[in-house]
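Q: Can we go through this one together? I'd like the overall picture before the details.

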Amino acid sequence: MVTIPEEPSMPLWAAGLLLLGVTFLFDRLLARAYGSGVRIRAVNYFQKERKWSIIALFFYAFVLLACDVKYYLSFLAFDDQFPTLLNVAGLTLFFGYLGLVWRRAKYSYQLIFDRRLSTAEFVITNIKTNLPIVLPWIILSLGYDLLRTVPLDWLEQGLDSQWGDLVFYLLFLVIVLIFFPPLVRRLWGCTPFPEGELRQSLLDFFKTQDFSARLYNWPLFEGKVLTAGVMGIFPGLRYVMITPALAESMTLSELEAVMAHEIGHVKRYHMLLYLLIIAGFSLIIVFAAEPYTYFLLSRDFTYRLADTFSLSIDSLFTAFAAIPVLVIMLLYFRYLFGYFIRNFERQADLHVFPALGSSAAIISAFEKIAILSGNTRDQPSWHHFGIGERVDYLEKCDEDPRWISSHHRKVRYSLIGFGAALALLLVLLQAIPVERLEEQYELKYTEAVLMNKARLEPENPLWLRLAGDLLQHGRMEARALKIYDQALEIDSANPELMNNVAWLLLTAEGKSLRDPVRALGLARDAAAMRPHGFILDTLATAYWANGLVEEAVEVEKQAIFVEPEQKGYYQQQIHRFRSMSYEQSLATEIKKEKRN
């Protein structure tokens with residue numbers, strides 16, 4: 001379910017102006033960053049693009065929260081039937097910010113790769129390159145929304161459970177493993193590797209490695225990037241992609257070494273492990289979402305913060321929900337996922353030893369890639385070890401093969417540790433007392449909604465009265481009395497309100513809040529205006545609390561006459577008035593409640 005604020009924090013015209021202003025500022029910053037016209041190396045280009053993509057993420061997060069984007073686009077969710085459509089609209093806005101980055105980066109790209117493209121062509125090409133990152137999530141979410149429209153109770157109950165979500169997610173992963181590789185291949189515009197001696201030599205090499213895959217040209221950044229990749233776990237749907245620049249610059253032995261690296265990814269099940277690690281993040285979010293939500297909405301500081309900045313609870317919660325997820329996602333994928341990517345890449349490098357017997361060919365390929373890419377040998381990378389680091393490790397393995405088994409052990413133990421830590425975290429999240437947090441959340445959230453209504457309608461005492469009733473029921477008596485008094489200032493002649501205040505003054509656990517004398521005055525006025533049974537009962541209790549037992553009994557008899565269906569309760573009250581004092585009865589009731 002999508003969390004949509006009940007009320008916007010600003011009108012549509014103001015939100016639109018703020019959105020345009022922030023977007024204009026971001027575009028001006030990009031213009032300064034990319035406006036020098038100085039020719040840069042390819043590696044610097046990609047570093048700058050990555051940096052500004054991260055900055056775009058923070059600009060996007062700001063406008064998402066500050067401009068009430070979810071509120072104004074909430075109609076796309078079709079009354080929460082298809083929340084994915086709303087999320088896709090938000091994602092489109094983020095791609096809009098990335099589009100500004102690519103628009104400004106086009107000139108540098110043309111200088112580096114000597115290619116002329118229109119701005120629209122360049123932006124669309126980048127969207128196609130990056131879309132596969134989010135496409136699985138879009139397909140998963142839309143499928144989930146469609147399933148929820150099926151009118152089957154057992155299906156709805158299953159999808160509403162955490163384990164139902166997990167089963168659905170696992171089934172989706174299987175679908176991704178089967179259908180995603182050919183979909184991405186088409187999206188990226190990959191074409192079959194041209195027939196010829198080179199293609200046949202590479203396919204023959206695959207056979208010697210007991211490996212099956214289809215070869216494709218990969219036109220990544222006009223095919224001028226020196227790289228290769230492999231997609232697909234199942235042989236019939238597995239593709240090895242080679243950029244034209246790599247195929248043209250490498251010797252056959254060097255290309256075979258690069259292919260050995262890609263084969264190493266498959267032999268070590270890295271693609272499946274990538275999916276499982278990504279699934280780990282999704283599991284953390286799924287299992288943490290409910291306790292985090294209830295914890296946040298059951299804390300007083302959340303509501304104090306909303307009051308301080310005059311924000312609705314929904315708007316504040318949207319920010320509190322989005323920012324931690326964003327931070328956790330950045331940390332998870334930058335450090336934990338990055339750790340496994342780097343070490344999986346090294347494992348793939350090490351596959352040249354069983355495939356070729358030595359690392360000479362792949363070292364030669366790495367050195368050539370470093371030179372042709374702009375002397376990037378010592379350039380660090382968060383998702384790969386630097387080329388120099390990779391070469392150094394391969395040379396160590398040539399000298400002492402024990403380094404090979406050592407690294408495989410490191411990866412194996414890291415995966416075991418990750419699995420154990422993830423399982424422990426999920427168990428701990430399951431152990432959180434969600435029910436207790438939910439009770440606290442419901443009380444405080446409802447109070448916040450009512451108080452917000454009271455602020456929006458300051459002349460209507462109903463919302464304050466309902467908030468006071470809620471707090472009295474939750475035994476938050478001091479706050480209830482304060483809010484009741486605010487309501488009385490607006491409407492001092494409301495019999496139900498006076499009755500509720502009188503009852504609180506008579507039954508409060510805190511001695512300092514009890515005021516039988518004031519309660520009697522309020523109850524008399526309330527009964528004079530509206531002599532209903534429950535109001536007469538409050539008046540009778542007030543007489544009793546002030547030591548006027550006979551008066552209390554007489555009023556209780558009037559309550560029986562007015563409301564004969566409650567005769568049993570009113571007779572119990574008469575018996576209580578005659579058998580014990582107000583103080584004794586109150587002490588007994590308080591002890592009983594504390595035991596319960």
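**Working through the model**

A: The protein exposes about 30700 Å², and carbon and sulfur atoms supply 62% of that area. Keep in mind that this is a predicted model.

Q: What share of the residues counts as buried?

A: Of the 596 residues of the protein, 46% count as buried.

Q: And how many helices and strands are there?

A: The protein has 26 helices and four strands.

Q: What about contacts, how much do residues 24 or more positions apart account for?

A: Taking the contacts in the protein with a separation of 6 or more, 70% are between residues 24 or more positions apart.

Q: Switching to charges. How many salt bridges turn up in the whole structure?

A: A search of the whole structure finds eleven salt bridges. Asp27, Arg28, Arg103 and Arg104 are linked in a network of them.

Q: Let's take that network apart. How far apart are the closest N and O atoms of Arg28 and Asp27?

A: They are 3.8 Å apart in the salt bridge between Arg28 and Asp27.

Q: Is Asp27 buried or exposed?

A: Asp27 is buried, since its relative accessible area is 11% and the cut-off for buried is under 20%. Arg28, at 38% relative accessibility, counts as partly exposed.

Q: Next one, Asp27 with Arg103. What's the distance there?

A: The closest N and O atoms of Asp27 and Arg103 are 3.1 Å apart, and the pair forms a salt bridge. Asp27 lies in helix α1 (residues 12-34) and Arg103 in helix α4 (residues 83-113), so this bridge ties together parts that are 76 residues apart in sequence. Arg103 counts as partly exposed, at 38% relative accessibility.

Q: And Arg104, what does its side chain do with Asp27?

A: The side chains of Asp27 and Arg104 meet in a salt bridge at 2.8 Å, N to O. Again Asp27 is in helix α1 and Arg104 in helix α4, so the pair ties together parts that are 77 residues apart in sequence.

Q: Why does Arg104 count as partly exposed?

A: Because its relative accessibility is 21%, and partly exposed covers the range between the under 20% of buried and the over 50% of exposed.

Q: OK, surface charge now. Which residues gather in the patch of negative charge?

A: Asp378, Glu389, Asp392, Glu395, Asp398 and Glu399 gather in that patch on the surface.

Q: Take Glu399. Where does it lie, and is it buried or exposed?

A: Glu399 lies in helix α16 (residues 387-399). Glu399 is exposed, with a relative accessible area of 70%.

Q: What is Gln347 in contact with, leaving aside its neighbours within four places in sequence?

A: Gln347 is then in contact with Arg268, His270, His407, His408 and Val411.

Q: Last one, where is Pro235?

A: Pro235 is in the loop between β3 (228-231) and β4 (239-242). At 45% relative accessibility, Pro235 counts as partly exposed.

Q: And how far is the C-alpha atom of Pro235 from that of Arg214?

A: The two C-alpha atoms are separated by 8.6 Å, with Pro235 and Arg214 being 21 residues apart along the chain.

Technical notes: Residues numbered from 1 in each chain as written. Predicted model: local features only at pLDDT ≥ 70, side-chain atom pairs only at ≥ 80, totals over all residues. Heavy atoms only, no water. Helix = DSSP H or I, 4+ residues; strand = E, 2+ residues; numbered from the N terminus. Buried < 20%, exposed > 50% of the residue type's maximum accessible area, 1.4 Å probe, protein only. Contact = heavy atoms within 4.5 Å. Salt bridge = Lys/Arg side-chain N within 4 Å of Asp/Glu carboxyl O. Patch = residues over 30% accessible without salt bridge, like charges linked within 9 Å, V, L, I, M, F, W, Y side chains within 5 Å. Areas by Shrake-Rupley, 256 points an atom, 1.4 Å probe, with all protein chains shown as cover. Lys, Arg positive; Asp, Glu negative; His and termini not counted. Charge placed at Lys NZ, Arg CZ, Asp CG, Glu CD.
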